[in-house]
Amino acid sequence: MPRFSSTTFLTLSAFLRCAPRLLSLLILIGVLWIGQPRAVLAQAAAIDTICPAVGVQERGGSFQPGGLILTSFDRDALWIYNIDNQRRYPLPETSPCTRNCRLSPDARWLTYFNDLTNAFNKMRTDGTQRTFVTDYAADVQWWSDRIFLIWTPGHQAYLQEEGGTDRRYLDVSGVIAVQPGGLWALMVQQNGDSFERALIDLERRGLVGISDGRVHLGADQGYFNAHAWSPDGRFLAYVAPVDPDAEIVSGEIFGIQPGDSAPAQWTDLAAAYGPVRINGLAVGDLSWSPDSARIAFWVTEVRGPDNLGAAMLHVLDVAAGTVRAYCGYTTTRHTPNPPRLIWSPDGTHVAFAGDMADDDRGHLVLALNTESGVFTVLSTGVYPALGTPNLVAWGRSPQ
């Protein structure tokens, strides 16, 4: 405990007697300040730029890690590219997909829409062992190993155990992302002429006399609002504009854990680049590594109104608070969205569909080794079946 001299005590007593209104005002200001959600500013650590001496490499006879990459090589179906034997083949009774095809937590199953039966199924990553999930859904996500989070076309959502019929409906009005394995959620709400995001507890939502634990997360603004829950459900990461009313808006990545009173700022990219845009218009494209330790994303310098630089791939280590930039590949095809990023199941590589200047092979399957910074071409001819060429998932072989 701090110790006070008699002189200090008398001085303090005199102040309290003479200025009770001032003291009350100071206390009130302090209470109001503590109650406001505030982001903890990230330390402005230098960005570690990885620039290997070699350019984009062609794969040799073997490539590690192996596994199966799901994408589309035509407009008609979902395809498999087998990394180990370099074969690729379409899957019957499937349609091209991206965000509504979901990889299971163990990376051996995929939920997908069956084009023949008009129902959501699940299958092994090689297309075998197809199993019915539901015939009325807009999306089917893995809430846990054995429980699905099913979104209906009318934007209702419920939890259902695999193979079961019992449903637990959730109050998801305004909600756009539910915590894996938990009941916290990201919601968007209107505030006058604009929209704002908030984190809420669905389990307590609507209970009389009980707070839903709402934490305001700032403005929801196009090109500055990507987000994603970590696979283990511990963190919500999201992009937000630092000053949404600025002439040139810049974004940073923020994070929050359920139960926190305020988010924390995880990046300070503007210190290195000036104003930047993180990813694009698609809101759910921050890409977490399978172990929930790192986030892969694209950074595009905003040089002025309608003046953007090339997008470069970055990886944030959440625990260490460090950022790596990989300059071996950049792209100017970042609007409305840069290439979708997917992680290898072992977390060593990030893959995407990209093209190269003066190359007539079309869009390639490219993989980045996040340790060495080397980009490798795995396959060619990714088809823009849904408007843009994208990879869907990188799964393990089911054996």
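Reader: Let's begin with β8 and β9. How many bridges join them, and do they run parallel or antiparallel?

Author: Strand β8, residues 119-124, is joined to β9 by 3 bridges, and the two run antiparallel. Do keep in mind that this is a predicted model.

Reader: Thanks, noted. Which residue in β9 does F120 stand opposite?

Author: That's T134.

Reader: And what sheet do these strands belong to?

Author: An open, antiparallel sheet of 4 strands, in the order β6-β7-β8-β9. Its edge strands are β6 and β9, residues 131-134, and each of these pairs on one side only.

Reader: Buried or exposed?

Author: Buried: the relative accessible area of D139 is 10%, and the cut-off for buried is under 20%.

Reader: What else does D139 touch, leaving aside its neighbours within four places in sequence?

Author: D139 is in contact with R99, N100, R102, F120, L149, I150 and W151.

Reader: Nice link. Changing topic: how much space lies in the largest pocket?

Author: About 1600 Å³. The lining is made up of 48 residues, and the closest to the pocket's centre are R102, L103, W229, G284 and R340.

Reader: Which elements give two or more residues to that lining?

Author: They are β6 (102-103), β10 (139-142), β11 (147-151), β14 (175-178), β18 (227-229), β23 (287-288), β27 (342-343) and β31 (393-395).

Reader: And which of them gives the most?

Author: β14, with 4 residues.

Reader: How does the lining divide into nonpolar, polar and charged?

Author: There are 28 nonpolar residues, 12 polar and 8 charged.

Reader: How does one find empty space like that in the first place?

Author: By rolling a probe the size of a water molecule over the atoms, which shows where empty space is left.

Reader: Good to know. On to β20: why is it described as largely enclosed?

Author: Because 6 of the 6 residues of β20, residues 251-256, are buried, the strand is largely enclosed by the rest of the structure. Both faces are covered: G251, I253 and G255 are buried on one side, and E252, F254 and I256 on the other.

Reader: Which strands is β20 joined to?

Author: Strand β19, residues 236-241, is joined to β20 by 6 bridges, running antiparallel. β20 also has 2 bridges to β21, residues 264-265, again antiparallel.

Reader: Now V382, please. Where is it, and is it buried or exposed?

Author: V382 lies in strand β30, residues 375-382. V382 is buried, with a relative accessible area of 4%.

Reader: What is V382 in contact with, beyond its neighbours within four places?

Author: Its contacts are T71, S72, F73, A353, H363, L364, V365, P389, N390 and L391.

Reader: Which sheet is that?

Author: An open sheet of 5 strands with mixed pairing, in the order β2-β30-β29-β28-β27. The edge strands, each pairing on one side only, are β2 (57-58) and β27.

Reader: What about A53, buried or exposed?

Author: A53 is exposed, with a relative accessible area of 87%. You'll find A53 in the loop between β1 (48-50) and β2. A53 and G373 are 320 residues apart along the chain, yet their C-alpha atoms are separated by 9.8 Å.

Reader: Last one: how many helices and strands does the chain have, and what share of residues is buried?

Author: The protein chain has 3 helices and 31 strands, and 48% of its 399 residues count as buried.

Methods. Residues numbered from 1 in each chain as written. Predicted model: local features only at pLDDT ≥ 70, side-chain atom pairs only at ≥ 80, totals over all residues. Heavy atoms only, no water. 1 Å grid on protein atoms, 1.4 Å probe; cavity = no way out; pocket = protein on both sides within 12 Å on 5 of 7 lines; lining within 4 Å. Points joined across faces, edges and corners; volume = space filled by probe spheres on them. Nonpolar A, V, L, I, M, F, W, Y, C, P; charged D, E, K, R; others polar. Pairing = 2+ DSSP bridges. Buried < 20%, exposed > 50% of the residue type's maximum accessible area, 1.4 Å probe, protein only. Contact = heavy atoms within 4.5 Å.
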